[in-house]
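Hello,

Here is the structure for you to look over. My notes follow below it.

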Amino acid sequence: KYCDIPIVIFGDVDGSGTLDLIDAMLLNRYMLGLVSESALDLSVADMNGDGNINNFDALLIARRVLGIG
């Protein structure tokens with residue numbers, strides 16, 4: 001028997017199923033007002049759990065992708 005349990009990948013704001021630098025770039029572009037909120041899954045964007053979504057979260061995504069954080 002199989003269950004349809006969604007897998008949450010924190011930082012995967014584009015919903016591609018993988019965490020990559022595109023997620024960091026899209027979050028930065030969102031912060032600049034260049035990408036709309038509706039284009040992203042912001043429920044997984046708060047990487048440090050402080051309740052705010054900001055450029056630091058994008059930095060944390062990039063660091064995790066690069067293996068330095």
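**Surface and fold**

The chain has an accessible surface of about 4700 Å², and carbon and sulfur atoms hold 57% of that. Keep in mind that this is a predicted model. The chain has 69 residues, of which 25% count as buried. Its C-alpha trace spans about 45 × 30 × 20 Å along the principal axes. The secondary structure is two helices and zero strands. Among contacts with a separation of 6 or more, 46% join residues 24 or more positions apart.

**The helix pair**

Helix 1 covers residues 21-31 and helix 2 covers residues 55-66. Their axes come within 8 Å and cross at roughly 170 degrees. Angles over 145 degrees count as roughly antiparallel, so that is how helix 1 and helix 2 run relative to each other.

Which residues meet? From helix 1: Leu21, Asp23, Ala24, Leu27, Asn28 and Met31. From helix 2: Asn55, Asp57, Ala58, Ile61, Ala62, Val65 and Leu66. By type, the residues of this contact are nine nonpolar, two polar and two charged.

**The core**

The largest nonpolar core has 13 residues. Val13, Leu26, Leu27, Leu40, Leu42, Ala45 and Ile61 touch the most other members. Helix 1 and helix 2 are the elements that give two or more residues to this core. Leu27 and Ile61 also take part in the contact between the helices.

Take a look at Val13. Leaving aside residues up to four places away in sequence, Val13 touches Asp23, Leu26, Ala39, Leu40, Asp41, Val44 and Ala45.

Best regards

Conventions
Residues are numbered from 1 along each chain as its sequence is written. This is a predicted model: local features need pLDDT of at least 70, side-chain atom pairs count only at pLDDT 80 or more; totals for chains, interfaces and linings use all residues. Side-chain values use heavy atoms; hydrogens and water are left out. Axes are lines fitted to C-alpha atoms, for helices over the stretch in contact, and angles run from 0 to 180 degrees between N-to-C directions. Helices (H or I, at least four residues) and strands (E, at least two) are DSSP runs, numbered from the N terminus. Angles under 35 degrees count as roughly parallel, over 145 as roughly antiparallel, 65 to 115 as roughly perpendicular and the rest as oblique. Contact means heavy atoms within 4.5 Å. Ala, Val, Leu, Ile, Met, Phe, Trp, Tyr, Cys and Pro count as nonpolar, Asp, Glu, Lys and Arg as charged, and the others, Gly among them, as polar. A nonpolar core is a set of buried Ala, Val, Leu, Ile, Met, Phe, Trp, Tyr and Cys residues joined through side-chain atoms within 4.5 Å. Buried means under 20% relative accessible area, exposed over 50%, partly exposed in between (1.4 Å probe, protein chains only). Accessible areas come from the Shrake-Rupley method with a 1.4 Å probe; for residues, only the protein chains shown count as cover.
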